[in-house]
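Subject: Structure handover

Hello,

Here is the structure you are taking over.

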Amino acid sequence: MAAPPAYSLVATDLDGTLLRGDDTLSDRSLAALARVARAGARHLVVTGRPAPRVRPLLDTLGRGGLAVCGQGAQVYDAATDRLLWSVTLDRELAETALGKIEAEVGQVYAAVDQDGVSGLTLIEPGYLMPHPTLPAVRVERRDDLWCAPISKVLLRHPALSDDELAATARAVVGSLATVTMSGPGTVELQPCGITKATGLALAAEHLRLAPEGAVAFGDMPNDIPMFDWAAHGVAMAGAHPELKAVADEVTLSNEDDGVAVVLERLFP
């Protein structure tokens with residue numbers, strides 16, 4: 001009889017981790033995830049993307065299960081196309097946080113992800129989508145961003161680096177919101193206390209899985225709480241130094257199937 005797998009839960013970020021730069025999954029990655037399923041373990045996507053932007057990928061995976069979206073603010077059930085759990089960012093607090101940030105660094109450009117399985121991504125004039133393949137709706141003015149409940153705010157600055165913008169935002173926002181950095185050109189404000197780990201813990205509890213049996217893959221500082229929660233954290237070769245500093249191991253890049261390389265070892 002084959003030995004049981006060392007891990008019962010595989011949690012993967014998407015951008016810069018499981019997905020290649022062109023937003024595709026390689027055949028090797030798909031085969032590795034199939035190997036995980038055959039071993040009886042579960043795969044959970046844990047991403048900053050909102051639920052509507054994750055649904056097409058889950059279709060590609062042939063997956064009807066759960067996904068953690070919106071930096072942990074949403075637990076999405078693809079089988080029923082509904083949110084099992086969601087937390088919104090108070091829009092007045094978001095406006096106040098933006099004002100505090102702009103008082104320190106000057107004008108920033110903002111976008112929001114609306115809550116819900118049909119929520120839109122709205123972008124104000126001047127904001128450039130870091131992932132041009134993801135759909136977005138441009139609005140005429142910032143006030144239009146707050147027309148419906150939101151799960152998070154995305155920020156860009158014309159001159160500051162992501163690290164500089166995130167550091168300033170953390171210093172001035174305080175308890176108004178949680179500040180994360182999830183990719184190049186992507187500094188975000190989300191509900192206070194919400195991280196990928198909070199969403200992952202809820203999804204794992206729903207599946208009756210424990211952190212002791214979890215391995216997590218990521219590439220940016222927003223994955224640090226997920227690494228803290230899981231038993232084993234694997235950073236990609238091109239990961240942010242802050243994530244590499246807390247990772248248990250570093251694999252190859254997303255372009256070189258780094259997730260698959262580790263999964264092939266863990267699920268022989």
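Predicted model: local features only at pLDDT ≥ 70, side-chain atom pairs only at ≥ 80, totals over all residues.

Residues are numbered from 1 along each chain as its sequence is written, and side-chain values use heavy atoms, with hydrogens and water left out.

Salt bridges

A salt bridge here is a side-chain nitrogen of Lys or Arg within 4 Å of a carboxyl oxygen of Asp or Glu. The count by this rule is 14 salt bridges.

One of them joins lysine 196 to aspartate 13, with 3.0 Å between the closest N and O atoms. The two residues are 183 residues apart: lysine 196 is in helix α6 (residues 196-206), and aspartate 13 is in the loop between β1 (9-12) and α1 (14-18). Helices (H or I, at least four residues) and strands (E, at least two) are DSSP runs, numbered from the N terminus. Lysine 196 has a relative accessible area of 1% and is buried; aspartate 13, at 5%, is buried as well. The cut-offs are under 20% relative accessible area for buried, over 50% for exposed, and partly exposed in between (1.4 Å probe, protein chains only).

Lysine 196 also forms a salt bridge with aspartate 223, where the closest N and O atoms are 2.7 Å apart. Aspartate 223 lies in the loop between β12 (214-218) and α7 (224-229) and lysine 196 in helix α6, so this pair ties together parts that are 27 residues apart in sequence. Aspartate 223 and lysine 196 are both buried.

Another salt bridge is formed by arginine 20 and aspartate 257, at 3.4 Å from N to O. Arginine 20 is in the loop between α1 and α2 (27-38), and aspartate 257 is in the loop between β14 (249-250) and α9 (258-266), so the pair ties together parts 237 residues apart in sequence. Arginine 20 is partly exposed at 29%, whereas aspartate 257 is buried at 11%.

Helix α2

From first C-alpha to last, the twelve residues of α2 reach 16 Å, close to the 16 Å expected at 1.5 Å a residue. The expected span is 1.5 Å times one less than the number of residues in the helix.

Which residues of α2 are buried? They are Ser29, Ala32, Leu33 and Val36. These residues cover an arc of only 95° around the axis, which puts them on the same side of α2; the arc is that of the directions from the helix axis to the C-beta atoms. The buried residues of α2 pack against β1, α1, β2 (42-46), α3 (51-61) and α9, where contact means heavy atoms within 4.5 Å. On the face turned away from the buried side are the exposed residues Asp27, Ala37 and Arg38. Just after α2, glycine 40 takes a positive phi of about 90°.

Cysteines

The structure holds zero disulfides, a disulfide being a pair of cysteine sulfur atoms within 2.5 Å. Cysteine 69 is buried at 0% relative accessible area, and cysteine 192 is partly exposed at 48%.

Glutamate 124

Glutamate 124 is in the loop between β7 (121-123) and β8 (137-138). Is glutamate 124 buried or exposed? At 5% relative accessibility, glutamate 124 counts as buried. Beyond its neighbours within four places in sequence, the contacts of glutamate 124 include Val108, Tyr109, Arg138 and Leu145.

Regards
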